[in-house]
Amino acid sequence: MTSAKTLHNFNAGPSILPKSVFEEASRAILDFNGTGLSILEIGHRTPLFQAVVDEAVALLREHMQLLPEQEVLFLHGGASTQFMQVPMNLLDETRRAAYTDTGVWASKAIKEAKMFGGVDVVCSSKDSNYTFLPKNFTVDPSSSYLHLTTNNTIYGTQWQDLSLFYDKGVPLVADMSSDILSRRVDFQKYALIYAGAQKNIGAAGVNIVVVNKNALGNASRKLPTMMDYRNHIENGSLLNTPPVFAIYVCLLTLRWLKQVGGVAHIEAENNRKAALLYDTIDSLPLFRPTVAKEDRSKMNVCFVMENEQLEAEFLALCKQEGMVGVKGHRSVGGFRASLYNALPYESVIAFTELMKHFANTKG
Ligand SMILES: *Cc1c(COP(=O)(O)O)cnc(C)c1O
């Protein structure tokens, strides 16, 4: 028997999805669209699955308001594979790319890019453990592209004003794994966007890649078939067997997003959730936020306590009260509450009430 206790899932990824998505995905495992077949046993080249891909692409195009030349791909290998696939396709061996070093994922992207061409790290906050976003930097206009991480999942920083990047005069590449579709962004400005689905869009096992066709074909190296974006574009993400179920879960989440009011609506909800949690942290001296105020992420909220003994006590209380996934990443310590699209406002209320209660008993 499962317990009746309400759980509040603050996991950083894979993470919470809408309950209706879990329910519909479960039904599809037993009987997909009344066909009598499971979604797990249909061919990826059947009209049944083609309809799933087509609708998921159409919904992404709509949510992101993409240009006709921006192609939507569903690829394997996680966002981490994009760390290499991006420079393989966009960075010629004789050229240089600019990278912003704002966290663990950004630095992993830098490491991979160095294998394919020149890399200029144009800014870094590594020396202060990535607690802020370095905004004063220049980019060599001859760079093949400028790479940024829109939200730094582990440290809890997020570029609030992306227009900072729009006048640099070089093509933009963004890792949007942990905040894609959480707020309105001018997605048309990007040569390439990638995001692992498991944080805001769906189940683990698939990447969303949005690539402007005009940005391709500038690297002279030979590309293995599976690494060449052009092959995936030509084959509509069906170059080989795609992660069928993971793409289906993306479709369900994209439908849900449309139904609740789209990106603008979810942005307002996300602002409300983040404001409540940060206001609570700021009002309780027991808790200390870890990053610069202006760079605070609305997706991953990180904070610590001065007293490690109290941290352990609060963590135990969280566990007892059904707060899931609030332990901070090992490189920051303390706590991290992830407030992705599907997390209800009520979960933030429950968590902040628990924080206040704990502060009262320890104050
Ligand atoms: C989680 C995450 C990744 C890594 O994703 P994988 O799918 O596990 O490879 C990369 N970048 C960011 C910003 C992330 O949050």
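I count a residue as near a molecule if one of its heavy atoms lies within 4 Å of it. I keep in mind that this is a predicted model, where local features need pLDDT of at least 70, side-chain atom pairs count only at pLDDT 80 or more, and totals for chains, interfaces and linings use all residues. Residues are numbered from 1 along each chain as its sequence is written, and side-chain values use heavy atoms, with hydrogens and water left out.

**Entry one: the ligand**

I looked up the surroundings of the ligand and found 13 residues, with Ser80, Thr153, Asp175, Gln198 and Lys199 the closest. Helix H3 (residues 78-90) gives the largest share of this shell, 4 residues; helices here are DSSP runs of H or I with at least four residues, numbered from the N terminus. I sorted the shell into 3 nonpolar, 8 polar and 2 charged residues.

Next I checked polar contacts (pairs of N or O atoms within 3.5 Å). A side-chain N or O atom of Lys199 sits 2.6 Å from a ligand oxygen, and one of Gln198 sits 2.9 Å from a ligand oxygen. Ala79 uses a backbone N or O atom, 3.0 Å from an oxygen of the ligand. The ligand alone exposes 390 Å², and the protein buries 87% of that (Shrake-Rupley method, 1.4 Å probe).

**Entry two: two helices**

I then turned to H7 (residues 262-283) and H9 (residues 345-362), whose axes are 10 Å apart at an angle of about 0°. So H7 is roughly parallel to H9, a label for angles under 35 degrees.

Conventions
A polar contact is a pair of N or O atoms within 3.5 Å; within protein, one must be able to donate a hydrogen and the other to accept it, and residues adjacent in sequence count only if both atoms are side-chain atoms. Ala, Val, Leu, Ile, Met, Phe, Trp, Tyr, Cys and Pro count as nonpolar, Asp, Glu, Lys and Arg as charged, and the others, Gly among them, as polar. Axes are lines fitted to C-alpha atoms, for helices over the stretch in contact, and angles run from 0 to 180 degrees between N-to-C directions. Angles under 35 degrees count as roughly parallel, over 145 as roughly antiparallel, 65 to 115 as roughly perpendicular and the rest as oblique.
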